[in-house]
Amino acid sequence: MHHRPAVEIRDLHYAYPDGTVALRGVNLLVEEGESVGIVGPNGAGKSTLLLHLNGILTGRGEIRIFGLPVEKKNLQEIRRRVGLVFQDPDDQLFSPTVYDDVAFGPMNMGLSRQEVAAAVDRALREVGLAGLEKRSAYHLSFGQKKRAAIATVLSMNPDLLVLDEPSSNLDPRARREFSELLQGMRITKIVVTHDLPFVFENCERVVVMDGGKVVADGEVFSILSDEEILKAHGLELPYGFYPAPRRG
Amino acid sequence: MKHAFLDQYSDLDSPLHRLDPRAKLVGFLALIVVCVTTPPNLYPAFAAYLGLELALVTLSRLPWRHVLKRALVALPFILVVAAFLPFFRKGGGSYNLGPISLSGHGLQVLWNVAAKSTISVLAVILLSSTTPFPDLLRAMEKMRAPRILTAILSFTYRYIFVIVDEMQRMRRARDSRGWRGRWLWEARVIGHMIASLFLRSYERGERVYAAMLARGYQGEVHAFYDYGLGMAEAGFAALAALFPLAARLLAG
């Protein structure tokens, strides 16, 4: 199989319609199978960058996803391959029932009824929510909502999973379950978060963003144990947390 | 915070629950139309409508408590009419109730409002408590209801309590800072809250739309419909439309 990166971004610039400049020349390469954490202070441009990965926002610069340039004619294919999970599950789960939400993506892909049902079934079982199809998302616990949000993109069989703040507002048990769920999934992952221990646990590589640029990029331990980098970009490890190099 | 959904008990199992929602929609709508166009003095007709509904409640296995509680929503309207009774024009004899004198005419207006609103509300309760709301929306789409209307209803069903919860959190935050709402100038705060709720909902709308796009949304929502029209549906629609009509014609 010939080699091609999952994400290639070259010199990406973006300014919001109100003039706020969010990205000032981002360069990023993510290889297939990698698990990358993106960290940085609020306003660094992390979420803006995520919205570029499937063409919701389009800035100036070059983006390729699995070799496909992000442009109008490729959008449908790219949106199938990139599973973007938003921070607030109430934004992700907009249908009257969990089933409808998980089926939304496959239906937009034009799958047949049996294929949709099979995809929904598989996705819900993968996140451990089988049996809750008929529920309204409103009646799920927060941890269940987060997992249902993941299922809504897993049902599209994505090759790249992109998560915005996956661990926020989860209690320790739900956070643990969520972490295990992620580790069990063997696809390329990009995680944007403020939760540095979560990055330690789930990613091999970390990218630090600040002021709309990538300011550091490398192996998790070497970056997150570098106090100067952390301090310069408003990051810190939780009190009492001492990083150790990854085993194996 | 937990709220009772509009379609509480719609997941029970009964012959009425299993019907195609299209048949129920048409049947109950017909019942309501026949009922509100019935002259108020055809008392046996109203008894027949109510009898039909009570039989359907029994058939649907809905808890009576639930039906009665929901039926109370018509009460405020009836009370408003009752409050204006002494001011109705005279005629049809008069009845003295302590210092107040009521005209027979006025009492007939009250009866008219009370009977028709109660029967209509019961029909809506029967429909909404035996049909999951998403299925009802699909049925409306099947019957060519405008997509914009069903989309608005669908998002309302999903987000109304999310917004209510948001408002309750704002209210707690406000009251925690000692707001009493006693003076007129304090009303400004309510205006600010409404504005901020609007902005938050607007922003949520944008995020939801982004989440839809991210999953390949192209302006069309696809859905599968699991019901079919059969003998039971035809029988129900005939019963709900023809029985009241017959009762009305016989009574008149």
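How far apart do the C-alpha centres of domain 1 of chain B and domain 2 of chain B lie? They lie 34 Å apart.

Some housekeeping first. This is a predicted model, in which local features need pLDDT of at least 70 and side-chain atom pairs count only at pLDDT 80 or more, while totals for chains, interfaces and linings use all residues. Residues are numbered from 1 along each chain as its sequence is written, and chains are lettered from A and ligands numbered from 1 in the order in which they are written.

Chain B, then. Domain 1 covers 15–140 + 227–251, and domain 2 covers 146–214; these bounds come from an automatic or database domain assignment. The chain has ten helices and two strands, counted as DSSP runs numbered from the N terminus, with helices being H or I of at least four residues and strands E of at least two. Along the sequence the order is α-α-α-α-α-β-β-α-α-α-α-α.

As for dimensions, the C-alpha trace of chain B spans about 60 × 60 × 30 Å along its principal axes. Of the 252 residues in chain B, 24% are buried. Buried means that 20 or more other C-beta atoms lie within 10 Å of the residue's own; exposed means 12 or fewer, partly exposed is in between, and the C-beta atoms are placed from the backbone. Among contacts in chain B with a separation of 6 or more, 78% join residues 24 or more positions apart. A contact here is two C-beta atoms, placed from the backbone, within 7 Å.

Next, where the chains meet. Chain A gives 29 residues to the contact and chain B gives 24 residues. On the chain B side, α7 (133–142), α8 (147–176) and α9 (187–214) each supply at least two residues. Which helix gives the largest share of that side? It is α9(B), with eight residues. By class, the chain B side has 15 nonpolar, four polar and five charged residues. In this count Ala, Val, Leu, Ile, Met, Phe, Trp, Tyr, Cys and Pro are nonpolar, Asp, Glu, Lys and Arg are charged, and the others, Gly among them, are polar.

α7(B) is mostly covered, with seven of its ten residues buried. Those buried residues include F133(B), D135(B) and R138(B). They pack against α4 (98–108) of chain A, and against α2 (21–36) and α8 of chain B. Just after the helix, R144(B) takes a positive phi of about 70°.

β8(A) pairs in the parallel sense with β3 (residues 35–39) over four bridges and with β7 (residues 160–164) over five bridges. Pairing requires at least two DSSP bridges between two strands. In these pairs S35(A) stands opposite K189(A), and L163(A) stands opposite V191(A).

There is also an open sheet in chain A, with antiparallel pairing and the order β2-β1-β4-β5. β2 (21–30) and β5 (68–69) are at the edges with a single partner strand each, so one side of each is left without a neighbour in the sheet. Strand β1 (residues 7–15) pairs with β2(A) over seven bridges, and H13(A) stands opposite R24(A) there.

Further along, β9(A) and β10(A) form a hairpin with two residues between them, and G211(A) in the turn has a positive phi of about 60°.

Last, the cores. A nonpolar core is a set of buried Ala, Val, Leu, Ile, Met, Phe, Trp, Tyr and Cys residues joined through C-beta atoms within 7 Å. The largest has 73 residues, and L84(A), A151(A), V162(A) and V206(A) touch the most other members. Its largest share, six residues, comes from helix α6 (residues 142–154) of chain A. Another core, of 28 residues, lies apart from it and includes F28(B) and L122(B).
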